[in-house]
Amino acid sequence: MKLTELGSFDATHHNLAWPWIAIDPTGRRFAFVAIDQVETRILAPSGNHLETGPSFTLPADLQLPTIPALPTGHRGTPTGVHGLAIDPGGEWLAVTGMVDGTSVVVTMGAAGEQRRSSLTALAGADFIAHAITFDRTGSRIWLSAENGEETALVLVDAMTHEVLGVVRSAPFPPPSFHELHVHPQDDAVLLLAACGQDGTFARVAGFADGPPEAVATALDTGSVPCGFVGFSTDGARVHLVEADELRTHAWPGLQELSSVELADDFVSSYAGAVLGHRILLDGHDSETGDFDSVMVFDRAAIHGAIAKDPVPSGMWVGRLGSDAIVTVSAAGEPARGAVVRIEAPAN
């Protein structure tokens with residue numbers, strides 16, 4: 001593979017849920033915590049380097065907890081920021097966290113906090129936000145929350161926090177770790193909840209002229225553990241990866257369209273990226289112990305092969321631009337992050 005590092009950064013993570021770094025829904029910029037503030041980086045229009053965007057000072061009661069991470073729950077959840085999102089324009093940051101035992105969401109600009117709401121006011125009593133993202137326009141925020149009895153996908157106005165709709169569903173087996181993925185064309189979001197040995201569960205919600213509505217999917221009741229790789233370039237398919245298999249599902253019902261076993265001795269890290277017509281999977285070689293191994297599949301998600309060295313190191317966060325990924329090393333505090341371009345092979 002031909003790799004070019006476009007830039008690096010240091011991310012403080014403490015008790016933040018993975019992936020620690022928030023990429024905006026259009027894939028042009030990202031945000032990360034640097035001690036007591038959130039910094040942003042933008043992929044330059046040329047795609048050849050990173051530019052520095054606005055910085056946001058975290059509110060005093062929503063800085064990173066300094067205590068070790070505790071299991072997420074209604075008791076013992078550390079005070080402080082738990083998740084963050086950056087809008088496509090880079091002007092607004094949204095964060096979730098716990099303050100005095102209450103889960104809150106805050107929208108802020110570079111000049112400071114603009115709006116704060118409790119999840120109780122938005123979704124109901126005892127709800128805790130597990131994931132947050134802006135929509136493609138930046139005018140709305142999706143929140144994924146639970147209260148032990150049900151799950152809620154909450155859509156709110158980014159500036160006023162007016163509730164535009166709440167999509168409720170059954171709770172996930174605890175502990176559940178949520179990720180929200182905004183669809184590249186539809187006004188819709190995919191929630192994936194990793195629930196350990198109980199598997200991975202999905203929820204899909206979308207909206208048109210009215211409040212968001214649930215879309216029934218084949219993964220509502222769960223599947224084997226898997227991770228998000230990406231949407232196809234036309235948005236018609238969703239690629240998910242298990243430890244030893246790549247699966248492709250139809251959007252939005254997530255019916256399985258195809259599956260293919262990974263190469264012998266290749267074990268996925270439940271992560272990857274769709275770069276144009278290439279589907280890349282991050283993993284390791286179980287035979288050699290090499291923790292930096294990559295498989296590359298064609299757009300059909302059927303024919304794949306292990307890529308030749310060099311390959312990106314560290315854990316993959318997601319795609320940036322058309323041909324780059326954001327990675328982060330788990331070792332150390334702060335952790336070193338990088339943006340790496342993976343150039344397509346010449347024909």
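Is H249 buried or exposed? Hold that thought for a moment, everyone, while I say what we have on the screen. This is a predicted model, in which local features need pLDDT of at least 70 and side-chain atom pairs count only at pLDDT 80 or more, while totals for chains, interfaces and linings use all residues. Residues are numbered from 1 along each chain as its sequence is written, and side-chain values use heavy atoms, with hydrogens and water left out.

Back to the histidine. H249 has a relative accessible area of 1%, so the residue is buried. By buried I mean under 20% relative accessible area; exposed is over 50%, and partly exposed is in between, with a 1.4 Å probe and protein chains only. H249 sits in strand β21, residues 245-250. Strands here are DSSP runs of E with at least two residues, helices are runs of H or I with at least four, and both are numbered from the N terminus. The H249 side chain reaches the backbone oxygen of L254 at 2.8 Å. That is a polar contact, meaning a pair of N or O atoms within 3.5 Å; within protein, one must be able to donate a hydrogen and the other to accept it, and residues adjacent in sequence count only if both atoms are side-chain atoms. Leaving out residues up to four places away in sequence, H249 also touches several others, among them L219, R237, V238 and E256. Contact means heavy atoms within 4.5 Å.

Now let's walk over to strand β17. How many of the residues in β17 are buried? The strand covers residues 200-206, and seven of its seven residues are buried. T200, A202, V204 and G206 point one way, with F201, R203 and A205 pointing the other. In a regular strand the side chains alternate between the two faces of the sheet.

Strand β16, residues 188-194, pairs with β17 in the antiparallel sense over seven bridges, and L190 has V204 as its bridge partner. Two strands pair if DSSP finds at least two bridges between them. The hairpin of β16 and β17 has five residues between the strands, and there G196 takes a positive phi near 60°. β17 also pairs with β18, residues 213-215, again antiparallel, over three bridges. Those two form a hairpin with six residues between them, and G206 stands opposite E213.

Next, the aromatic rings. There are eight aromatic pairs in the structure. Rings of Phe, Tyr and Trp (for Trp, the six-membered ring) pair if their centres lie within 6.5 Å; planes under 30 degrees apart count as stacked, over 60 as edge-to-face and the rest as tilted. F9 and F30 make a tilted pair, 5.0 Å centre to centre with 50° between the planes. F9 is in β1, residues 2-11, and F30 is in β3, residues 29-34, so this pair ties together parts that are 21 residues apart in sequence. F9 counts as buried at 4% relative accessibility, and F30 is buried at 0%. W142 and F207 are another pair: their ring centres are 6.2 Å apart and their planes are at 45°, so they are tilted. W142 lies in strand β12, residues 140-146, and F207 in the loop between β17 and β18, so the pair ties together parts 65 residues apart in sequence. Back with the phenylalanines, ring pairs link F9, F30 and F32 into a cluster.

F30 brings us to the core. The largest nonpolar core has 35 residues, and I21, F30, L84 and L93 have the most contacts inside it. A nonpolar core is a set of buried Ala, Val, Leu, Ile, Met, Phe, Trp, Tyr and Cys residues joined through side-chain atoms within 4.5 Å. β3 gives this core its largest share, five residues. Apart from it lies another core, of 17 residues, including I141 and V156.

Last stop: an open sheet. Which order do its four strands take? The order is β7-β8-β9-β10, with antiparallel pairing. β7 (80-86) and β10 (112-118) each have a single partner strand, so one side of each is left without a neighbour in the sheet. Six bridges join β7 to β8, residues 93-99, and L84 has V95 as its bridge partner.
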